[in-house]
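This briefing is meant for a reader who is meeting the structure for the first time. Please keep the sequence and the model in view while reading.

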Amino acid sequence: MADVVHDLQASPAAASRPVVFRGGLFVPRTHRLIGFAALVALILLWQAASSLGWVSPVLAPSPGEVIDALWRMALSGELATHLSASLLRLAGGFAIGVTAGIAFGMAIGLSSLVRSPGATLVAALFPIPKIALLPLFILWFGIGESSKVATIAFGTFFPTVIATYGAVDNVDRSLVRMGRSFGLSSFAIISKIILPGALPGILSGLRIASSIGIVLLIAAEMIGANEGVGAMVLAAGNLMQSDRLLAGVVVLSLLGLAVSGLIGAIEKRLLAWR
Amino acid sequence: MGRKAAAAAFVLVGLAGSVLPAAAQEKVTVGVLRFVSSGGLFLAVEKGYFKNEGLDVELKFFEAAQPIALAVVSGDTEFGVTAFTAGFYNLAGKGALKIIAAQAREKKGYEGNLVLASNAAYEKGLTSLDKLAGKSVGITQVGSSFHYQLGQIATANGFDLKAVELKPLQSLPNMVASIKSGQVDAIIIAPHLAKPLVASGEAKLIGRVSDVTEYQFGGLFTSTKMISDKRATVEKFVRAYQKGAEDYAKAFLTKDASGNIVYTADSDAAAALVAKHVYPSEEPAQAAAKVKASAFFVDEKARLDVADILTQVQWLKAEGLVDASVDAKSILDLSFIEGHTNVN
């Protein structure tokens with residue numbers, strides 16, 4: 001701790017009493033290694049519980065069995081089929097939901113005409129569980145791909161709208177006024193001041209939206225889907241193949257990590273100016 | 001109430017128990033679906049066959065077959081009566097469950113699951129089972145009885161099941177909705193749901209599963225632990241269950257010389273008792289008529305078609321729906337009932 005002790009030699013009165021640096025108290029630091037170790041420890045504990053017979057194989061498979069199931073699926077090409085089907089739905093639904101969400105969120109954030117009705121509608125429709133609407137989506141869009149993409153698009157739309165208009169609201173108004181006094185056009189104010197200012201908020205909204213998209217993947221693939229990670233997890237549940245079920249959950253979780261990493265990378269690039 | 005009074009009450013109850021051993025009934029619970037195919041169980045409860053064996057049976061109703069198997073494994077219910085699915089066999093294959101008696105069976109000449117085509121598909125020529133190749137077929141879930149039956153239809157008609165586009169729709173109402181709107185070309189569904197659709201012209205009947213294959217639909221099962229710890233209880237339960245099955249067969253499956261099912265006053269009485277459990281919220285007379293119209297075949301001694309169960313597991317294994325490690329013989333305990341059919 002010697003390096004954090006600030007020796008205030010300059011002031012003779014304080015010379016006898018060194019002040020300890022206390023600013024580090026509420027600044028948690030991230031240690032990637034410790035996070036990883038916690039995960040590994042949990043898996044090892046689970047494996048030990050299975051191997052030593054504390055957990056009956058009827059109740060839960062061991063991590064070894066889950067990894068084995070994952071490996072077999074990867075080898076047979078089944079995993080690739082499911083993943084590509086799911087990624088297409090996820091990408092399609094996410095793209096539609098997020099594009100529409102950002103556009104609508106900007107409109108709410110910038111126009112009084114849209115704001116009151118828009119914000120009310122979003123607040124009213126956001127809490128509706130999209131799974132409950134699934135039968136209606138099937139009537140409207142059929143049991144093919146469109147109802148699945150629509151489920152994900154609806155699910156990602158609302159959090160994006162809320163994050164976007166919240167972020168627009170938080171842009172420093174004095175900067176907008178300054179832009180005006182420098183004679184910037186409305187378009188320039190939006191593209192040069194409001195959009196960059198709102199971007200951090202929008203991107204963190206996208207993080208939430210992407211997680212919701214992955215959660216909804218299961219719901220979207222409930223009806224009439226033979227391929228897809230969600231359909232695979234559901235079928236494994238129906239067949240009581242708990243090793244395959246958990247293997248699917250692992251894939252979903254890795255998918256979440258990958259998407260979150262991707263958004264992190266985009267954040268780093270787009271927000272380099274901060 | 002004072003402690004003395006409570007103690008007195010306790011002593012009284014204890015005395016009553018020792019003086020009247022018949023009153024001390026053993027409590028067991030059974031997981032079951034509200035289906036006519038479990039009618040034998042309902043008759044055994046209603047007619048007091050379990051009480052005569054000293055068992056106080058509580059029926060626990062479920063919405064799907066799978067959770068019943070899980071409830072028996074977890075010990076929430078002692079017995080389960082329902083259809084066999086791939087999920088059931090996977091769970092049983094881990095050694096936790098044993099099948100001990102039969103429930104319903106697909107048998108030629110009796111009620112059974114029906115294959116319906118949507119009106120649009122029918123007009124385009126889907127008029128018989130051999131034309132199902134290349135069509136989409138709605139089922140409840142991967143590995144369900146419907147899935148298996150479709151596989152049997154495919155084998156019998158000489159086409160590959162892979163040529164059929166399977167659409168898992170999760171629930172029976174979803175299947176009905178999809179066939180009405182033509183979003184799937186065909187479905188396999190239970191008679192009590194199929195007949196109204198055909199009668200109202202919302203779908204067309206193109207075949208019966210029982211014409212293609214006979215099939216041991218479901219059974220009575222319990223946990224392996226129950227058999228090893230309380231064998232006497234299981235024996236009592238099976239005895240009463242068999243009596244219920246016998247009554248069911250007499251009431252709904254008796255045929256005359258020309259092969260038509262004959263209904264007597266006994267049939268109506270039995271139908272009313274079964275209807276109480278299957279359609280609890282409906283008008284009794286109407287519900288009893290529905291019971292009679294959708295009574296699957298049940299063996300009068302609740303004997304299992306053993307060879308068929310082995311065939312099922314083998315097919316499901318070949319399709320990758322049941323794990324290769326499952327040993328079909330080890331999930332059967334044939335010691336409670338004599339004379340199971342096709343044992344070797």
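What follows describes the two chains in turn, together with the contact between them.

The model is predicted. Chain A is divided into domain 1, residues 1–58, and domain 2, residues 61–270, while the domain assignment of chain B gives domain 1, made of 25–106 + 216–331, and domain 2, residues 114–213. The contact between the chains takes 13 residues from chain A and 21 residues from chain B.

**Chain A: annotation and domains**

- An unreviewed UniProt entry carries the annotation "domain: ABC transmembrane type-1", which covers residues 83–263 of chain A; this span is 86% helix and 0% strand, and its end C-alpha atoms lie 19 Å apart.
- The C-alpha centres of domain 1 of chain A and domain 2 of chain A are 34 Å apart, and six residues of domain 1 of chain A are in contact with four residues of domain 2 of chain A.
- On the side of domain 1 of chain A that touches domain 2 of chain A, there are three nonpolar, three polar and no charged residues.

**Chain A: helix H9**

- Helix H9 of chain A, which runs over residues 229–238, is mostly covered, with nine of its ten residues buried; among them are Val229(A), Gly230(A), Met232(A), Leu234(A) and Asn238(A).
- Within chain A, the buried residues of H9(A) pack against helix H3 (78–110), helix H8 (186–220) and helix H10 (242–270), and on the side of chain B they pack against helix H4 (65–74) and helix H5 (86–93).
- H9(A) is followed by Met240(A), which has a positive phi, near 55°.

**The contact between the chains**

- Of the 21 residues that chain B brings to the contact with chain A, two or more come from each of the elements H4, H5, E8 and H8 of chain B.
- H5(B) gives the most to this side of chain B, with four residues.
- The residues on the side of chain B that touches chain A divide by class into nine nonpolar, nine polar and three charged.

**Chain B: annotation and domains**

- For chain B, UniProt lists residues 39–249 under "domain: SsuA/THI5-like", again in an unreviewed entry; the end C-alpha atoms of this span lie 10 Å apart, and the span is 45% helix and 25% strand.
- The C-alpha centres of domain 1 of chain B and domain 2 of chain B lie 25 Å apart, and 13 residues of domain 1 of chain B are in contact with twelve residues of domain 2 of chain B.
- H5 and H15 of chain B are the elements that give two or more residues to the side of domain 1 of chain B that touches domain 2 of chain B, and the largest share, three residues, comes from H15(B).
- By class, this side of domain 1 of chain B has six nonpolar, four polar and three charged residues.

**Chain B: residues with positive phi**

- Most residues other than glycine have a negative phi.
- Gln170(B), although not a glycine, has a positive phi of about 75°; the residue is placed in the loop between strand E8 (165–168) and helix H8 (172–180) of chain B.
- Gln170(B) has 17 other C-beta atoms within 10 Å and is therefore partly exposed.
- Asn342(B), also not a glycine, has a positive phi of about 50° and is found in the segment after helix H15 (306–318) of chain B.
- With 14 other C-beta atoms within 10 Å, Asn342(B) is partly exposed.

Definitions and conventions
Residues numbered from 1 in each chain as written. Chains lettered and ligands numbered in written order. Predicted model: local features only at pLDDT ≥ 70, side-chain atom pairs only at ≥ 80, totals over all residues. UniProt positions renumbered as here; feature names shortened; annotations may be inferred. Buried ≥ 20, exposed ≤ 12 C-beta atoms within 10 Å, placed from the backbone. Contact = placed C-beta atoms within 7 Å. Domains from an automatic or database assignment. Nonpolar A, V, L, I, M, F, W, Y, C, P; charged D, E, K, R; others polar.
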